[in-house]
Amino acid sequence: MSVVPETAANSPSMSEPTDHDAPAAPVSAVVVETDVAGGSRLYKRAERGDAARLGAHADAKGVNFAIFSSSAEKIELCLFDEEGSTQLERIELPERTGDVWHVYLRGLPVGTRYGYRVHGPYAPENGQRFNPAKLLIDPYARALDRPIRGAPDQYAYVQGDEAEDLAIDDTDNAATIPKAVVVDDRFDWGDDKPPAVPWDRTVFYEMHVKGYTHKHEGVPAELRGTYAGLGSEAAIAHLKHIGVTSVELLPVQSFIDDERLLGLGLNNYWGYNTIGFFAPEPRYGACGEQGAQDTVREFKQMVKALHAAGIEVILDVVYNHTGEGNHLGPTLSFKGIDHAAYYRLSPEDRRFCVDYTGTGNTLDSSSPAVVRLIMDSLRYWVEEMHVDGFRFDLCSTLARGANDFDIRSPFLAAAAQDPVLGRVKLIAEPWDVGPTGYQVGGFPAPWAEWNGKYRDAVRDFWRGQDGALPEFAARLCGSADIYGPSRRSPLSSVNLVTVHDGFTLHDLVSYNEKHNEANGEDNRDGESHNRSWNCGAEGETDDEAIMALRERQKRNMLTTLYVSQGVPLLLGGDEMSRSQGGSNNGYCQDSEISWYDWSEERRNDTLVTFVRRLAALRRSQPVLRRARFLSGVPDEDGRKDITWYSVWGLEMQQDEWTSAEVRCMGALLDGARTGEVAEDGSVVEGDSVLLLINASPEDAIFTIPESAAAPGGWTARIDTSALDGQPKAPEGTDAITPWHAGEQHTLLAHSMVVLTQPRHR
């Protein structure tokens, strides 16, 4: 049963290639094998087809199939029954144009399940791993009929043989491997249009499709953990409530559950082991394994619902490697189609893959075939699935030329000139595990980047690391030292304190050590240097002082995130104090460790209200969302866009910046000096903002500074010493009284206050 509306009758018809409008003579396709009841075929006849578009493309009269392989000797298209377990026909592709093999099957229906057998030499020492006993998934498959799960019959070599991968295995795995499905692309998008949220208004929310709604009682039970669940009213309502503008989904392109994990009773929960770069992951479809077409529609309906709420959809994509692993990994697709064309192979021994990713293999983004695959995939998700941008996992790998990182690499060059990608958000995770791989600040405009240096600086400062103040101040101001040299802006910095990979915010203030025992690797996996601080006790505690300090620390880091120049990214669930019990590597935990807790206690966590208040403050203050770097240089009137103050209300001196013990400061941002110009040419102005920060273990008395930019009274807007962040009125009064220059105010240890006052020229 479909859980999304059927395609509307007035939807635009599918395009029909002109080659197929008139009857064409059949070509000499070789039907190697037919096993259809009554001897009738699934299609009327085989024709040339065309090589222009890779994958399976249906029109009103049939389906065109095209697949790339530069080294194959023969390729067979295999058609299967509705369950995908019985091979019905096996057709040798009759045409080859350059390195693209193709055929058009007139009369073949949408919904047909298929795979490929690719013939050629099995010579791993030469980088060739052809084995026609292994049915292969089309790299351009737009839907799969079931999730990909590791199995012994997926290996092209005899496991356990002393020759390892040099001994070919002839076990046929066609009955068990997932099948690609021919899909009907038609969908009624209605008046859907991209929210196109400006970068300065963007608030990212990193989330997992299943984990977000799996336990959400406001979502219908049959939709929890699915695309439809994420697109439901209750799921979207929370995102709107906390001021999210853009959801960043952990991988939803089809991925494999590694056989090793399955043997441990675990699975690939995060999804960073892609095989199908065009197909939405089937396990998140509400229709089950027989609803491949419905899963594609369900994904589109989810995007449409989020767009209707003004929320962008950003995909976390993994084009740097695949789930086929190293030379001892399974053969699922690329490895058996053209191993040497798709992967970077060792120049010393082509039996082995170069591994810049830590996963065993690296897709060769200097190869034209791989660049085309990536670009075709990205355009498909934008044009057909209507997504609004991408976060590229280990993007430094993609940006390599022959070996090293290169801003003129084929991938970056292709992305820079593509008009489709030019209208969506592109975000790099700017590192990998290879030489020259750490590239925070190294990507060219218009790329944004996950700013790992921001994460480290904020954690160090709030946990009391000596000498952390200068670095913290640089990150608070948008990281001009990182992004200025490449002529980018503060909005190139995607600021983050926590993400999926590492501790949640609650665990960051509750654990000094990782606790990954549930992963079955004796706690050896995961990062050991987390820059965390448990505030005095490891794990959960009933010590009220420690609990209060932890809550303040959470509010401190969230406030820092929202008042920093750049673009904030909130880890999903941090607003509800989501805990993973000290796990900092939940990649294989499809369990209570990873699922969001929607209990009444968590939904009513005061942190939810606090995050909502922070988002509203950020929206209302242009000076917090600048597209130009703060300079701290006086203008002709002697006014600065930012001025730094000590607790004495005086401008910070050099010896204070360099002192390892200084953990208190103030920063005044002049609302009349934003440096921003609106579309109509007018100067953008707003309130002035004063930040008072006490990261020391003692209460601190701050003197409010005197400034020409702020001669009036300051209104406290956020106070992290309060549970919900709401500043409290003085005892015996009902109203919050302004703070004036020269007054002294005490800030609690480990706390900060954000104040505003109307701009003054």
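Predicted model: local features only at pLDDT ≥ 70, side-chain atom pairs only at ≥ 80, totals over all residues.
The backbone oxygen of Ala 722 lies 3.0 Å from a polar atom in the side chain of Arg 555. Residues are numbered from 1 along each chain as its sequence is written, and side-chain values use heavy atoms, with hydrogens and water left out.

Back to Arg 555. This residue sits in helix α14, residues 544-563; helices are DSSP runs of H or I with at least four residues, strands are runs of E with at least two, and both are numbered from the N terminus. Arg 555 is buried and yet has no salt bridge. Buried means under 20% relative accessible area, exposed means over 50%, and partly exposed is in between, using a 1.4 Å probe and protein chains only. A salt bridge is a side-chain nitrogen of Lys or Arg within 4 Å of a carboxyl oxygen of Asp or Glu. The nearest side chain of opposite charge is Glu 551, 4.5 Å away; for charge, Lys and Arg count as positive and Asp and Glu as negative, with His and the chain ends not counted. Leaving aside neighbours within four places in sequence, Arg 555 is in contact with Leu 607, Phe 610, Thr 720, Ser 721, Ala 722 and Leu 723, where contact means heavy atoms within 4.5 Å.

Next, Lys 300. Is this lysine buried or exposed? Lys 300 is buried, with a relative accessible area of 1%. It is found in helix α5, residues 292-308. Setting aside neighbours within four places in sequence, the contacts of Lys 300 include Asp 185 and Glu 384.

Now the arginines around Asp 165. Arg 129 forms a salt bridge with Asp 165, with the closest N and O atoms 2.8 Å apart. Arg 129 lies in strand β11, residues 128-129, and Asp 165 in the loop between β12 and β13, so the pair ties together parts that are 36 residues apart in sequence. Arg 129 counts as buried at 3% relative accessibility, and Asp 165 is buried at 0%.

Arg 351 also reaches Asp 165: a polar contact of 2.5 Å joins their side chains. A polar contact is a pair of N or O atoms within 3.5 Å; within protein, one must be able to donate a hydrogen and the other to accept it, and residues adjacent in sequence count only if both atoms are side-chain atoms. Arg 351 and Asp 165 are 186 residues apart in sequence, and their C-alpha atoms are 9.0 Å apart. Arg 351 lies in the loop between α6 (334-342) and α7 (368-383) and counts as buried, at 14% relative accessibility. Not counting residues up to four places away in sequence, Arg 351 touches, among others, Arg 129, Glu 164 and His 327.

Most residues other than glycine have a negative phi, and most peptide bonds are trans. Glu 164 is partly exposed, with a relative accessible area of 36%. On the peptide bond side, a cis bond joins Ala 445 and Pro 446, with omega about 5 degrees. Pro 446 is in the loop between β20 (425-428) and β21 (448-450).

More on salt bridges. How many does the structure hold? It holds 53. Five residues, Arg 455, Asp 456, Asp 460, Arg 463 and Arg 531, are linked in a network of them. Within that group, Asp 456 and Arg 531 form a salt bridge with the closest N and O atoms 3.5 Å apart. Asp 456 lies in helix α10 (residues 452-462) and Arg 531 in the loop between α13 and α14, so the pair ties together parts that are 75 residues apart in sequence.

Last, a sheet. It is an open sheet of three strands in the order β12-β16-β17, with mixed pairing; two strands pair if DSSP finds at least two bridges between them. β12 (148-149) and β17 stand at the edges, each with a single partner strand, so one side of each is left without a neighbour in the sheet. β16 (residues 253-257) and β17 pair in the antiparallel sense over three bridges; Ser 254 has Gly 276 of β17 as its bridge partner. Seven of the seven residues of β17 (residues 274-280) are buried, so this strand is largely enclosed by the rest of the structure.
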